[in-house]
Amino acid sequence: MEIGGIISAIFIGIVIGVLGRLVVPGRQRIGVLWTILVGIVAALIGSAIAAGLGVADTKGVDWVEWLIQIALAAVGVTALDRAKARR
């Protein structure tokens, strides 16, 4: 992966993390940095899943890929929030 791809993954991860957090109802007890990290991981994993399903490179906006990434971010935010709540 080139440096441009890494930088774009970080920016997309920030957006995905915030959207994933907005999808989860209620208040989350995780910080902004954790949200960004979850978003970056969700963006990378979601891109891999979309590529595996063959929906990563379509004409126009890749809505299915975005939905996969946002769903993964929501799951990640929820899991991290529950893990922090147990402490």
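Q: Which residues of α2 are buried?
A: In α2 the buried residues are Thr 35, Val 38, Gly 39, Ile 40, Ala 42, Ala 43, Gly 46 and Ala 50. Buried here means under 20% relative accessible area, exposed means over 50%, and partly exposed lies in between (1.4 Å probe, protein chains only). The cover over these α2 residues includes α1 and α3. The model is predicted: local features need pLDDT of at least 70 and side-chain atom pairs count only at pLDDT 80 or more, while totals for chains, interfaces and linings use all residues. Residues are numbered from 1 along each chain as its sequence is written, and side-chain values use heavy atoms, with hydrogens and water left out.

Q: What makes the span of α3 agree with expectation?
A: Helix α3 covers residues 63-86, and its 24 residues should span 34 Å at 1.5 Å a residue. Its end C-alpha atoms are 35 Å apart, which agrees.

Q: Why are α1 and α2 called roughly perpendicular?
A: The axes of α1 and α2 cross at roughly 110° and come within 7 Å. Axes are lines fitted to C-alpha atoms, for helices over the stretch in contact, and angles run from 0 to 180 degrees between N-to-C directions. Angles under 35 degrees count as roughly parallel, over 145 as roughly antiparallel, 65 to 115 as roughly perpendicular and the rest as oblique. The pair α1 and α2 is therefore roughly perpendicular.

Q: Which residues of α1 meet α2?
A: From α1, the residues are Ala 9, Ile 10, Ile 12, Gly 13, Ile 14, Ile 16, Gly 17, Val 18 and Arg 21. They meet Val 32, Thr 35, Ile 36, Gly 39, Ile 40, Ala 42, Ala 43 and Leu 44 in α2, where contact means heavy atoms within 4.5 Å. By class, this contact of α1 with α2 holds twelve nonpolar, four polar and one charged residues. Ala, Val, Leu, Ile, Met, Phe, Trp, Tyr, Cys and Pro count as nonpolar, Asp, Glu, Lys and Arg as charged, and the others, Gly among them, as polar.

Q: Why are α2 and α3 called oblique?
A: The axes of α2 and α3 come within 8 Å and cross at roughly 140°. By that angle, α2 and α3 are therefore oblique to each other. The residues of the contact of α2 with α3 divide into 13 nonpolar, four polar and two charged.

Q: At what angle do the axes of α1 and α3 cross?
A: The axes of α1 and α3 cross at roughly 65° and come within 8 Å. The contact of α1 with α3 divides into ten nonpolar, three polar and one charged residues.

Q: Why does Asp 81 count as buried?
A: Asp 81 counts as buried because its relative accessibility is 10%. Asp 81 lies in helix α3, and the buried residues of α3 also include Ile 68, Ala 73 and Leu 80. These buried residues of α3 pack against α1 (3-23) and α2 (32-53). Leaving out residues up to four places away in sequence, Asp 81 touches Arg 27, Gln 28, Arg 29 and Ile 30.

Q: Why is Leu 72 called partly exposed?
A: Leu 72 has a relative accessible area of 30%, so Leu 72 is partly exposed. Leu 72 is in helix α3 and touches Ala 42, Ile 45, Gly 46 and Ile 49, not counting residues up to four places away in sequence.

Q: What makes Val 64 partly exposed?
A: The relative accessibility of Val 64 is 43%, so Val 64 counts as partly exposed. Val 64 is placed in helix α3. The C-alpha atoms of Val 64 and Leu 53 are separated by 10.0 Å.

Q: Why is Gly 31 called partly exposed?
A: Gly 31 is partly exposed because its relative accessible area is 31%. Gly 31 sits in the loop between α1 and α2.

Conventions: Helix = DSSP H or I, 4+ residues; strand = E, 2+ residues; numbered from the N terminus. Expected span 1.5 Å × (residues − 1).
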